[in-house]
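Subject: Structure handover and notes

Dear colleague,

I am passing on the structure below, together with notes on what I found in it. Please read the notes with the coordinates open beside you.

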Amino acid sequence: MIEIQGCVKTYRSKHGDGIAALGGVDLTIKDHEFVCLLGPSGCGKTTLLKIVAGLTSADAGQVLIGGRPVEGPGPDRSVVFQNFALLPWADVFSNVQFGLEMRGVHPSLRRERALHWIQSVGLSGFESRFPRELSGGMQQRVGLARALAVDPQILLMDEPFTSVDSQTRRLLQDDLVALHQKERKTVMFVTHSMDEAVRLADRVVLLTERPGRVLERLDVPLPRPRPAEIRKCPEFSELTEYLWSRIQTMQPDLRSRMSERPEEELDK
Amino acid sequence: MTDRRKWTLRLVSLAVLAGVWEALGRGLDVLLLPSFSETLLAFLRLVADVHFWVALWISNEALLLGFALAAVVGVPLGLAVGRSPRVERFSGFYLDLLLVTPISALIPVLIPALGIGLASRTAVVFLFAFSVITISAASAIKAADLVLLEMSRSFGASRFQVWRKILIPAALPRVLTGLRLGLGRALAGMVVVELLMVAAGVGGLILRYQGDFDAPNAYAVVLSVAAESVLLMSLVRKAERKTLVLHGWTA
């Protein structure tokens, strides 16, 4: 269980004036739960994810995982990054086994686990390819395999499908749905796509504009497994419509900013 | 462009250069400008002479020592400067100073301190090459993708692992470029110190032939230095490319 308690984060600029990213977030994520953090860009959702990852610390408040406060990165968590964060000089195999290598796993076991996950994300045969030879979607599959190879309990995904085209995005969502069905990891997934949030999550957490606070927690009662056709369900569009109406109640400048993303937000 | 066309063009440009040189050398009847053919003949005589090779070795000894020292000191220092603001504040100013100061102007200061032997020639080569190597290594580290650092930390990488697995591989291309640029400057330093202060090696040879008004030989020595530089630089370029391929940077 992840317990986020009163997390506040302010970034200081060089001139001393602060940018308040998080204004006191409380959130509890149960084991095996898939939670999507939804909100406009710059609302601090990535900051919140990084605090949970232990990559940055909160100015106030704390995060407990299994009752213990987070003081840094740990083997119970893996991060999937927006821009993939693959080593450009290393092939797919080396990238996937990177986390295992950092944790001192024996090379033969490393090999076995890496090959298993390369296969699981559908990249068999690409082991010795370099990231520059792969499409964006394939690169993020490498990122996903790397995160899963260390067998974390918690998967922290920071807008992982934002950097790929919309068709690839759907395919990746399909794969993640199937994967989550099998692995039942606890997932914290940051997105600004309502469609994506409803498709993937057990629960959508809507954050406000900066400084980010929890505006609403919304259960997604859609049954699992969720095939791609679930978008045609009336409940699906009801939920996305509802989220959209909630987002619209936020500040007007936000409304204009959200409508600048018709492809990602409105089209689906 | 095909390899053949490239070489044809190169040969044509060389032929044009040689032709113009030949014409000027014959037409201008100046004592210290030999024609191309005279220089070529002198060059062939020179490479058959053991004294030339001894002089070349003397120069290259300083080049080798000075450049190796610059690389061994410059790369680690540069990596440290790039990583640590404290080290940068401590040494950044002097590195910039060293980069822009004409090192030739320091030679008269160095000679009294180090004598006119190998030590001072090595020191000059070192000073010529050192700053560009260091600054390139520093910028290489600064250009490393911060997301990769964050990624490695998220997997619990130790400081040593961050260096070994992220920073050094990320810095490699720019470090190699810096070493190549440094070698170019080292070659310049090698000749400059011999011309200005310590009449040894190929520089000394040039001075001696000039003193004897033996223009063809003086030019032939200059030609040999140019040839060595071109050869060395192309070798280094090849080694650089090979290293990058070996380390996964390019196919």
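In chain A, strand E9 (residues 203-207) and strand E10 (residues 214-219) are paired in the antiparallel sense through five bridges, where two strands count as paired if DSSP finds at least two bridges between them. Strands here are DSSP runs of E with at least two residues, and helices are runs of H or I with at least four, both numbered from the N terminus. A hairpin of six residues leads from E9(A) to E10(A), and within this pair Val204(A) lies opposite Leu218(A) of E10(A).

Before going further, please note that this is a predicted model, in which local features need pLDDT of at least 70 and side-chain atom pairs count only at pLDDT 80 or more, while totals for chains, interfaces and linings use all residues. Residues are numbered from 1 along each chain as its sequence is written, and chains are lettered from A and ligands numbered from 1 in the order in which they are written.

Chain A also holds an open sheet of four strands, in the order E2-E1-E4-E5, with antiparallel pairing. Its edges are strand E2 (18-29) and strand E5 (68-69) of chain A, each of which pairs on one side only. Strand E1 (residues 2-12) of chain A runs antiparallel to E2(A) and is joined to that strand by nine bridges, with Tyr11(A) placed opposite Ile19(A) in E2(A).

Helix H1 of chain A, which covers residues 45-53, lies across E1, E2 and strand E4 (60-65) of chain A and runs at about 120° to E1(A); the axes behind this angle are lines fitted to C-alpha atoms, for helices over the stretch in contact, and angles run from 0 to 180 degrees between N-to-C directions. Because eight of its nine residues are buried, H1(A) is largely enclosed by the rest of the structure. A residue is called buried if 20 or more other C-beta atoms, placed from the backbone, lie within 10 Å of its own, exposed if 12 or fewer do, and partly exposed in between. Among the buried residues of H1(A) are Lys45(A), Leu48(A), Ile51(A) and Ala53(A). The helix is followed by Gly54(A), which has a positive phi, near 85°.

Why does Thr47(A) count as buried? Thr47(A) does so because 23 C-beta neighbours fall inside 10 Å. Leaving aside neighbours within four places in sequence, Thr47(A) is in contact with Lys9(A), Ala21(A), Leu22(A) and Thr56(A), a contact being a pair of residues whose C-beta atoms, placed from the backbone, lie within 7 Å. Between Thr47(A) and Val8(A) the C-alpha to C-alpha distance is 9.9 Å, although 39 residues separate them in sequence.

Chain B has ten helices and zero strands, and its C-alpha atoms fill a box of roughly 75 × 55 × 30 Å along the principal axes. Of its 251 residues, 35% are buried. Among contacts in chain B between residues at least 6 apart in sequence, 74% join residues at least 24 apart.

Where the two chains meet, 15 residues of chain B and 18 residues of chain A take part in the contact. On the side of chain B that touches chain A, helix H7 (146-154) and helix H8 (159-196) of chain B each supply at least two residues, and H7(B) gives the largest share, seven residues.

Best regards
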